[in-house]
Amino acid sequence: MERVEVALDDDLAGDLARYARTEHVPRDAAAERLLSDALAEWRRDRAVERFAAGEVSFARGAEIAELDPWAFADLLQEREVTWVDAGRVAAELDG
């Protein structure tokens with residue numbers, strides 16, 4: 001495991017401490033959990049953006065998001081990304 005040092009402003013440090021107390025975990029575990037959640041959301045956002053732009057296939061988008069295909073399809077629907085059209089389906093099936 002790699003150790004990373006981060007300087008936090010007082011407000012952010014206070015929020016982290018409150019989160020850790022509320023969740024009954026040490027501050028380092030709280031920070032790791034929050035960072036992990038934020039990075040997972042970032043991966044999903046990136047996958048949706050790249051898929052919507054036509055940069056990656058549906059399957060690759062699901063991989064980037066680290067979701068199974070059904071969950072990725074649900075995410076696309078939640079984000080109102082239209083992706084089912086005849087040309088795209090044919091490209092996905094050929095790819």
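The protein chain contains five helices and zero strands, where helices (H or I, at least four residues) and strands (E, at least two) are DSSP runs numbered from the N terminus. The model is predicted: local features need pLDDT of at least 70, side-chain atom pairs count only at pLDDT 80 or more, and totals for chains, interfaces and linings use all residues. Residues are numbered from 1 along each chain as its sequence is written, and side-chain values use heavy atoms, with hydrogens and water left out.

**Whole chain**
- Along the sequence, the pattern is α-α-α-α-α.
- Of the 95 residues, 23% count as buried (under 20% relative accessible area; exposed is over 50%, partly exposed in between; 1.4 Å probe, protein chains only).
- Among contacts (heavy atoms within 4.5 Å) with a separation of 6 or more, 36% join residues 24 or more positions apart.

**Helix H1**
- H1 has 14 residues and reaches 20 Å from its first C-alpha to its last, close to the 20 Å expected at 1.5 Å a residue (1.5 Å times one less than the number of residues).
- Gly14, Leu16, Ala17 and Ala20 are buried in H1.
- Helix H2 (27-52) is included in what covers the buried residues of H1.

**Segment before H1**
- Leu8 is placed in the segment before helix H1 (10-23).
- Leu8 is partly exposed, at a relative accessible area of 38%.
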